[in-house]
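Welcome! Please take a moment to look over the protein shown here, and then read on for a short tour of its ligand site.

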Amino acid sequence: MIDRGYYGEFGGAYLPEILVATFDQLVEKFNEVKDDPDFWREYTDIMSTYSCRPTPLTFADNLTRHCGGARIFIKREDLNHTGAHKANNVMGQGLLVKRMGKTRVIAETGAGQHGVATATMAAKFGFACTIYMGEVDVQRQRPNVFWMERLGAEVVTVREGTRILKDAINESFRDWVTNMDTTHYVLGTTCGPHPFPEMVAYFQSIIGKEARRQILETENRLPSRIYACVGGGSNALGIFQAFLDDSVELVGVEAGGKGLSSGQHASRLSSEDASVGVAQGYKTYFLQDGDGQMKETHSVAAGLDYVGVSPILAYLAATGRVRFEAATDLEVVEALSLTIKKEGLIPALESAHAFVQAFKEAPTLDPSEIVIINQSGRGDKDIFTVADAFADPEWQEFIKKKAEDYDA
Ligand SMILES: *Cc1c(COP(=O)(O)O)cnc(C)c1O
């Protein structure tokens, strides 16, 4: 599928001359390890002793009964250390950094989850760590900034551009250009210039490898459909990859925000609002205007509001192998509520997008069929965002009281 980092017309590596040597080195190192069973063993070892792999595949018996139709299973990426699938990528890249003999890591972060995961990995492996974060996000995501700093990372507030994720990415590349010899840029998802989409998908493929084995072991059959939410695309590709050659329907769910017709969403592959372009070093669908200016996006889930999307998913959309849908903020909060009450699970707002689509479709399938939902992360650590989404008046009262206590 890969030819110099291209997936059909998507992907590539559009780099400033000065970064070419660094990317060549990274491609070379990655190619060295990716087919090395010892490297994969080292990776799975650390994921089982430091994170929580293999993560369980949980049968959601109550939701199955409630929806009627296909039996619903949930892949539990929420049980990873730091609460999401992001751990798979950062720990993998951390091992690669050790092999390259570098001593410092940098990363971009939007909602702060990838920043916290990278800072955690850096603490564990003893790397210096700088995280770039847009000023708007620093203000919105104080709890994650707090943890990154406790973990020993320097958090740099980016005041360029619109002061969000894409600006943090640009700033990370600027840092990398000046510190290439010592520093590795830990990109957070299956986007950006080659080899990042392939490399991040490689580390995340552990999700699907496990899920495939688990469902065959317990049910002796493959699922009919698999649902995953899509921000940059890493958790979706993580689970989808193991099933690409099977007759299993793969469904990616994007942020429908306030509805596709409102323009306030982040649906790149499930709406008509995005177009193909080159930005941030690669070619894919971007939410951009006619002049190539990036549009503002919206989602209740901070991890799903990126303007671009994985070139690998853009390709799988073009070939029809993956179907894309959108879930609105309102549907997401409803699905989250239902999952909490019925199963005692608290998915992240991002993950709840996948639940929305599964709940719509499970009733239309036969009870002998199986669907799997990838629960990319847990929501209880996002109490500020989740409580806002539920608009709970007593929570708001509690926050006001807390603020008054500080003033006193
Ligand atoms: C970051 C994040 C996402 C979105 O990123 P992908 O690369 O699309 O997986 C989804 N869910 C959770 C819980 C996240 O933290």
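The report below covers the model, the cavity and the ligand's surroundings.

## About the model

This is a predicted model, in which local features need pLDDT of at least 70 and side-chain atom pairs count only at pLDDT 80 or more, while totals for chains, interfaces and linings use all residues. Residues are numbered from 1 along each chain as its sequence is written, and side-chain values use heavy atoms, leaving out hydrogens and water.

## The cavity

A search of the whole structure finds two cavities of 30 Å³ or more (sets of points on a 1 Å grid over the protein atoms alone where a 1.4 Å probe fits but cannot get out). The largest cavity has a volume of about 510 Å³. Its lining has 38 residues, and Lys-86, Gly-188, Thr-189, Gly-232 and Gly-303 are the closest to its centre (lining residues have an atom within 4 Å of a point).

The ligand takes up the space of this largest cavity.

## Around the ligand

Among the 18 residues around the ligand, those that come nearest are Lys-86, Thr-189, Gly-231, Ser-234 and Ser-376 (a heavy atom within 4 Å counts as near). By class, this shell has five nonpolar, eleven polar and two charged residues, with Gly counted as polar.

Notes:
1 Å grid on protein atoms, 1.4 Å probe; cavity = no way out; pocket = protein on both sides within 12 Å on 5 of 7 lines; lining within 4 Å. Sits in = over half its atoms within 2 Å of the grid points. Points joined across faces, edges and corners; volume = space filled by probe spheres on them.
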